[in-house]
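Below is what I looked up, in the order I got to it.

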Amino acid sequence: MTTEPAQPTATPVRLPRTLTRDLSKFDGQTVRLQGFVHARRDLGGVQFVVLRDVSGITQCVGSGLSLPLPESSVEVVGKVKAHPKAPGGFEVQVEAFTVITAAVEASPLEIPKMEWNVNPETMLDYRYVSVRGLRERAALKVQAELVFAFHSHLREQGFTEISTPKIVSAGAEGGANLFKLDYFGEQAYLAQSPQLYKQIMVGVFERVYEVAPVYRAEEHATSRHLNEYLSLDVEMGFIDSEEDVMNLENSVLAAMMERLKTTCAAEFALLGATIPEVPAHIPRIPLMEARALVTEKYGHAVGGKDLDPEAERLLCQHYAETQGTDFVFVTKYPRAARPFYAHAEINADGSLSPDITRGFDLLFRGIEITSGGQRIHDHAMLMDSIRAYKMNPDAMTGYSEVFKFGMPPHGGFAIGAERLTAKLLGIANVRYARAFPRDRNRLTP
């Protein structure tokens, strides 16, 4: 008797994963979703699960489901059906529901109900959970796209990305505001800026940039300061003046905003924010004129040697009202308000100003987001400046020596990524524009 060979059993075809943003393409079809339980409701015989994935949320409806705790990761297989009241206009009628990884305890925060102005410290204490929120995620997505556009535009302009040390022997702006650390028995510091190194690298690539954290040991506890933040740094050689640097930043910001229009329209809509138009030529005003304008127009007496926060806000209000722009460059800063490497202003007769520099700040919607300017490139002038600032020339040798070997006129700027993100999105506290912020009182999570 001949035994027939067993017929192979067909392996069930596993549906490819569908993201919630794509459900409109599958109306009436069966899809497979994977994500997190964002919210849930049990109405007796019917259960509702709001599933969250990287692209958004969707409502899933089933019966007889054993629902896990919120934030559990799950898989849903079901049929897509148009529904005007569901998020995105579609819901999924559940055919199979699988818990991939169950949350073992209730979340300390109700993520769908979180607001940035409610219990801010609690939200930061449990940042590893709160960062999953739709608004929190939207802010970080916007920042990621800003950084992408920064990279892309500068590469198109012939810039080379560099990586500079974050453990240094001296500060880029003197000895203040430095985090100290022990480096095998020697005193070292966390870098407060890549300034000195990016200047050195101008002698290599002429046009350089870096995206990296910087550290400031400032005992601020305000809504606009962080002790560790992401700095978008640029330095360029063979410039005529700081105008070349401001023009470059103008084009960088324009590229950033165009990128956001393409990639982050949904995030801005979620947060009720608008993407600003960057003028072809951001207006400029010298610092002393800015101080006088704020005093004369608004009656605000400006304290200190710079613009105080209220003066920054009022100056931006003026330009929004008179020129319809959210951006303004404040130029011609006094030497007392600038670091030792700032280049002096050149007077009409070719002499150097003893008091005014070619430094500038960029204000956006009432706050400074950039400092920049032309740097000193002449060795003798640099050494004079180091001594005038009462710094130790010997401690600066590793930086100053390069200026003996033909450094070109150069300048640059740095953008604080978190501040820019916060002002773009209307986030009142800059800590929410960073995934895991470090401020005066926070080292965890």
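Is R216 buried or exposed? I checked, and R216 counts as buried because its relative accessibility is 15%; buried means under 20% relative accessible area, exposed over 50%, and partly exposed in between, with a 1.4 Å probe and protein chains only.

**Ground rules.** I'm working with a predicted model, where local features need pLDDT of at least 70, side-chain atom pairs count only at pLDDT 80 or more, and totals for chains, interfaces and linings use all residues. Residues are numbered from 1 along each chain as its sequence is written, and side-chain values use heavy atoms, with hydrogens and water left out.

**The whole chain.** I counted up the secondary structure and got eleven helices and 18 strands. These are DSSP runs numbered from the N terminus: helices are H or I with at least four residues, strands are E with at least two. The C-alpha trace spans about 105 × 65 × 40 Å along its principal axes. Of the 445 residues, 48% are buried. I also looked at contacts (heavy atoms within 4.5 Å). Among those between residues at least 6 apart in sequence, 64% join residues at least 24 apart.

**Annotated positions.** UniProt, in an unreviewed entry, puts a "binding site" at E173, R216, S371 and R375. I'm noting that UniProt positions are in the numbering used here, feature names are shortened, and annotations may be inferred rather than shown by experiment.

Back to R216: I found it in the loop between β10 (207-215) and β11 (228-237). A polar atom of its side chain lies 2.7 Å from the backbone oxygen of Q192.

S371 sits in strand β17, residues 367-375. I have S371 down as partly exposed, because its relative accessibility is 32%. Its side chain makes a polar contact of 2.9 Å with the side chain of D361. A polar contact is a pair of N or O atoms within 3.5 Å; within protein, one must be able to donate a hydrogen and the other to accept it, and residues adjacent in sequence count only if both atoms are side-chain atoms. Leaving out residues up to four places away in sequence, S371 touches R338, F360, D361, G412, F413 and A414.

**Also on β17.** I looked up Q374, which is found in strand β17 too. Q374 is buried, at a relative accessible area of 3%. Its side chain and that of R358 are joined by a polar contact of 2.8 Å. Beyond four places in sequence, Q374 touches residues including I239, Y341, H343 and P409.

**A cysteine in a helix.** C316 lies in helix α8, residues 309-323. I noted C316 as buried, with a relative accessible area of 6%. Leaving aside neighbours within four places in sequence, its contacts include T325, V328, L363 and I367. How far apart are C316 and G350 in space? They are 33 Å apart, C-alpha to C-alpha, and 34 residues apart in sequence.

**A pocket.** Which element gives the largest share of the lining of the second largest pocket? I found that α3 does, with four residues. The lining takes in R21, S55, R137, K141 and E267, among others. β3 (56-62), α3 (134-156) and α6 (265-271) are the elements that give two or more residues to it.

Conventions
On a 1 Å grid over the protein atoms alone, a cavity is a set of points where a 1.4 Å probe fits but cannot get out, and a pocket is an open set with protein on both sides within 12 Å along at least five of seven lines; lining residues have an atom within 4 Å of a point.
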